Amino acid sequence: MTPHYEVIVIGAGIGGICAGVKLQEIGIQNFLIVDRVGGLGGTWYSHSYPDAGCDIPSTTYQFSFARKPDWDRLFAKRDQILEYLEQVAADHDLPRRMRFHTSVVREEWDDDQALWRLHLASGEVLTARFVISAVGAYINAKTTPDIPGLASYTGVSMHPADWNHDYDFIGKRVAVIGVGASTMQIAPKLAAQVERLDIYQRTPQVYLPKPDFVLRPWMQRLLALPGGSAVANGVAQTVVDTALRVAIYTPAPLWRAGARLVDLAGRNAYAGWVRIKVKDKEIRKQLRPDFGIVCIRGGAGGDYLPTLNRDNVELITTGIAEITANGIRGADGVERDIDALVLATGYEVFSDPESYKPGTVIGRAGFDLGVFYNTEELKAYYSTSVSGIPNRFIMIGPYSWTGTAFHYFVENAMRHIAAVIDETRRRGAVVVEVRPEAQDRFHRDILRSGRNLAYYLETRCEGSNSYFINSQGKSPYIRPWSLLKTYRKAVRFDREDYSYRPAVEVDAAVDVPSRATARSLTR
């Protein structure tokens, strides 16, 4: 059986666009990119809440093969980021290969036919020789958090991933649950419109300075010079690489002593920053983290901290007892009526085993990726390939984070994936699968290289509610390699770490009847 497509890419965000570009570079034209939402761009398509934008410098937030020197601001806003992604896709002839409102509910490997069957929510089945999962790092929005009484609430409710632009916030009483990256952008905008804004904080975050400004024409011209944007990005990469090398290569006893000193100095420095931005002493206490200062990602907070000085804003840290029909009852017994509720309650993340649902990805001999990840540690060869799952790759898998932005590590992931697919085709094979011993060897190397990071994240982050630590108590988030090693090893790997199955073996398996069938034919 000939599959519909040589490759199907699931996800049309940053990873999916990168996959489409790199597949064409190795000569693959028969591919399809599917996405469950109505357009390309991933996060930047679905997240259109007030003041949505990047919280790292724009010069780092771009593909190496599509440098953009003319960002409007140092920290680009959502609309311009989406325009950039749309332009990159158009420049590489990707839109005609994209299909939206297409939700994959089950992926099933057909070993006899050497192809994947993708079952869609509509009931349709697509087939492909290879599948690349480019669903991103933040997989599903937590729109129904486990808060007592949430279902009884009768007012307006929304999540940052599905903003209600028809709702008029002017003069309303609004509650925001959660204080992460979305809230630090949403809260200042809402505070200027609403009668009252209640912000419910479970765990203190770290809000860093945001030196945002308009990029003047001369700055854009400088970035447009040959290598200009690359140099700007290289500076940021050097900072990240230096931090990774310190974390990886520092002797363990020195690292553990140093971690305590870094935490102490970091907390004191952050307390000083908060003292500058927040007037009220009690609020400053509520903002003080009592865990490792780098246990949580943090973010460029911009106007969030000063927003807490407003008379119509209250930071509530006593906890939520329940949500009622008309408001929220705190653990302190105080009930606050509201007109609208913003659930900035986070996402299922790629490093959480729960993000991989049993029964949704079924590989060779019934191997279930969801069951495997929920009973074993999260592991994948070069963060992309899992033994038992032939011809399927993950762009953002366990231990994949490295560099300054998603673009960097999805490019590295795709360099590896493209090399594997290209090698498979060069050998005249149609099936490729990482060998279990190679996967285990890679995982042991990651654990050995990441001992210092694991110590810090798994022992000094208690109470941080950090997504760096999953429900298994592990931290399969950061790749504990230098950036140079990650870049080189993406393509400099032993091709024999994979097994290859030629087309002739597949044809023979299909042509030769099974024993049961043969018996029935001879009766």
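Author: Arg 73 and Asp 212 form a salt bridge, with their closest N and O atoms 2.9 Å apart. The term means a side-chain nitrogen of Lys or Arg within 4 Å of a carboxyl oxygen of Asp or Glu. This is a predicted model, in which local features need pLDDT of at least 70 and side-chain atom pairs count only at pLDDT 80 or more, while totals for chains, interfaces and linings use all residues. Residues are numbered from 1 along each chain as its sequence is written, and side-chain values use heavy atoms, with hydrogens and water left out.

Reader: Which parts does the pair Arg 73 and Asp 212 tie together?

Author: Helices (H or I, at least four residues) and strands (E, at least two) are DSSP runs, numbered from the N terminus. Arg 73 lies in the loop between helix H2 (43-46) and helix H3 (78-91), and Asp 212 in the loop between strand E11 (207-208) and helix H5 (217-224), so the pair ties together parts 139 residues apart in sequence. The whole structure has 29 salt bridges.

Reader: In what order do the five strands of the open sheet stand?

Author: Two strands pair if DSSP finds at least two bridges between them. Here the order is E8-E17-E9-E10-E13, with parallel pairing. Strands E8 (156-158) and E13 (313-316) are the edges, each pairing on one side only. Strands E9 (residues 173-177) and E10 (residues 196-200) are joined by five bridges; Ala 175 stands opposite Asp 198 in E10.

Reader: Which helix lies across E9, E10, E13 and strand E17?

Author: Contact means heavy atoms within 4.5 Å. Angles run from 0 to 180 degrees between N-to-C directions, using axes fitted to C-alpha atoms, for helices over the stretch in contact. Helix H4 (residues 181-191) lies across those strands and runs at about 160° to E10.

Reader: How many cavities of 30 Å³ or more does the structure hold?

Author: On a 1 Å grid over the protein atoms alone, a cavity is a set of points where a 1.4 Å probe fits but cannot get out; lining residues have an atom within 4 Å of a point. Points are joined across faces, edges and corners, and the volume is the space filled by probe spheres set on them. The structure holds two. Of its 13 lining residues, the closest to the centre include Tyr 382 and Arg 479. Helix H11 (residues 406-426) gives the largest share of that lining, four residues. The second largest cavity, of about 30 Å³, is lined by Leu 369, Thr 384, Val 386, Ile 389, Arg 392 and Ile 394.

Terms used. 1 Å grid on protein atoms, 1.4 Å probe; cavity = no way out; pocket = protein on both sides within 12 Å on 5 of 7 lines; lining within 4 Å.
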